[in-house]
Amino acid sequence: QVQLVESGGGLVQAGGSLRLSCAASGMIFRLNAMGWYRQAPGKQRELVGTITSDGSTNYADSVKGRFTISRDNAKNTVYLQMNSLKPEDTAVYYCNSERLIGAHSYVYWGQGTQVFVSS
């Protein structure tokens with residue numbers, strides 16, 4: 001079955017950097033769009049950014065210029081490079097995959113990895 005496993009979260013000071021990874025299995029990775037989302041305590045889950053199967057990226061305004069999404073299809077892995085981190089970036093970060101086959105959208109989520117940015 002499809003599995004998405006995030007890693008790389010942790011504690012970092014404001015202004016620092018982290019790189020999150022999401023390893024996928026059970027799917028044809030290169031055919032899936034991948035996304036990163038985050039959920040802070042007491043808030044709804046929000047989009048951080050996405051990368052399509054052909055490598056096009058899109059970002060939330062709050063992270064543009066600071067975060068970069070990339071993918072390595074040979075490793076079935078998507079990355080989220082986070083620079084210039086702010087305390088408001090503190091959240092659980094989730095990756096997801098989406099593939100449209102005909103009229104059906106197949107969406108899967110990882111279990112999340114915690115990022116804490118101290119001021």
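Strands here are DSSP runs of E, at least two residues long, numbered from the N terminus. Now widen the selection to β8 (residues 77-82), which runs antiparallel to β3 with 6 bridges between them. Two strands count as paired if DSSP finds at least two bridges between them.

Next, colour β1 (residues 3-7) and β3 (residues 18-25), an antiparallel pair with 5 bridges. Pick Glu6 there, and you'll find its bridge partner Cys22 in β3.

A quick note on what you're viewing: this is a predicted model, where local features need pLDDT of at least 70 and side-chain atom pairs pLDDT 80 or more, while totals for chains, interfaces and linings use all residues. Residues are numbered from 1 along each chain as its sequence is written, and side-chain values use heavy atoms, leaving out hydrogens and water.

On to the charges. The whole structure holds 4 salt bridges, each a side-chain nitrogen of Lys or Arg within 4 Å of a carboxyl oxygen of Asp or Glu. Select Asp89 and Arg66: their closest N and O atoms are 2.7 Å apart. Asp89 sits in the loop between β8 and β9 (91-101) and Arg66 in the loop between β6 (57-59) and β7 (67-72), so this pair ties together parts 23 residues apart in sequence. Both are buried (under 20% relative accessible area; exposed is over 50%, partly exposed in between, using a 1.4 Å probe and protein chains only).

Arg38 is buried at 7%, while Glu46 is partly exposed at 36%.

Methods. Helix = DSSP H or I, 4+ residues; strand = E, 2+ residues; numbered from the N terminus.
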